Amino acid sequence: MIRSEILKEIAPILRNELVVCNIGIPSQELHAIDDQPSNFYMLGTMGLASSIGLGLALAQPKPVIVIDGDGSILTNLGTLPTIGNNAPGNYILMIIDNGSYGSTGDQPTYTSQRTDLAAMARAAGCGRVIEVQDKDTGSALEQTLASGEATVLVVKCDSGNAKMPVITMDPVVIRDRFMTAVAS
């Protein structure tokens, strides 16, 4: 499975949750598959979805699911010890690890070689770290939501992007409707 197939599978699970989605093609894919006002699409700032989602989880009680990629986590490795030492029970970081920088042309990341993001998250102090294969993402996400524990969920999948349209929604509109969803 590639990332877009995983997103199609989990879209019904995400529908009523606050979601912060990684920059670039992952946001385009989620927007095209199942746009929701409770989805915050990153249109800039590579590597910061996990940090923005952590701040949101700390500021309010609703579950927050961050959909990030291996390339973005590797861009901002400081996020893992911050999450490991501060994440509340309503925080889920789902790293879709396809071993590539998907938004820039599928150049390989080091997770396609010897780098292990699950081991890095554990070493950074993240208490609940689960690694699954793509086909098991839906059930792992449901179990994680039910657990009420801060979790790093590493999803291993194939590299590749679906052809999806660019998000044409104004970033101010994305922000405003997301803030309304947070406040509701």
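Modeller: In what follows, Ala, Val, Leu, Ile, Met, Phe, Trp, Tyr, Cys and Pro count as nonpolar, Asp, Glu, Lys and Arg count as charged, and the others, Gly among them, count as polar. This is a predicted model, in which local features need pLDDT of at least 70 and side-chain atom pairs count only at pLDDT 80 or more, while totals for chains, interfaces and linings use all residues. Residues are numbered from 1 along each chain as its sequence is written, and side-chain values use heavy atoms, with hydrogens and water left out.

Colleague: How do the residues of the lining of the largest pocket divide into nonpolar, polar and charged?

Modeller: A pocket here is an open set of points on a 1 Å grid over the protein atoms alone, where a 1.4 Å probe fits, with protein on both sides within 12 Å along at least five of seven lines, and lining residues have an atom within 4 Å of a point. The largest pocket has 17 lining residues, and those nearest its centre are Asn 22, Ser 72, Tyr 101, Gly 102 and Ser 103. By class, the lining comprises five nonpolar, nine polar and three charged residues.

Colleague: Which element supplies the largest share of the lining of the largest pocket?

Modeller: Helices (H or I, at least four residues) and strands (E, at least two) are DSSP runs, numbered from the N terminus. At least two lining residues come from each of β3 (64–69), α4 (70–75) and β5 (100–101). The largest share, three residues, is supplied by α4.

Colleague: Where do the buried residues of α1 fall, seen down the axis of the helix?

Modeller: Buried means under 20% relative accessible area, exposed over 50%, and partly exposed in between, with a 1.4 Å probe and protein chains only. In α1 (residues 3–14), the buried residues are Arg 3, Ser 4, Ile 6, Leu 7, Ile 10, Ala 11, Ile 13 and Leu 14. Because they fall within an arc of 155 degrees (taken from the directions from the helix axis to the C-beta atoms), these residues line one face of the helix.

Colleague: Is Ile 67 buried or exposed, and which residues is it in contact with, leaving aside neighbours within four places in sequence?

Modeller: Ile 67 sits in strand β3, and its relative accessibility of 1% is why it counts as buried. Contact means heavy atoms within 4.5 Å. With the sequence neighbours set aside, Ile 67 is in contact with Leu 7, Leu 14, Val 19, Val 20, Cys 21, Asn 22, Leu 30, Met 94 and Ile 96.

Colleague: How far apart are the C-alpha atoms of Met 42 and Ile 174?

Modeller: Met 42 lies in the loop between β2 (39–41) and α3 (49–59), and at 3% relative accessibility it counts as buried. Beyond four places in sequence, Met 42 touches residues including Val 20, Cys 21, Asn 22 and Ile 52. Although Met 42 and Ile 174 are 132 residues apart along the chain, their C-alpha atoms are separated by 9.3 Å.

Colleague: What is the phi of Asp 106?

Modeller: Asp 106 belongs to the loop between β5 and β6 (107–108), and at 28% relative accessibility it counts as partly exposed. Asp 106 is not a glycine, yet its phi is positive, at about 65 degrees.
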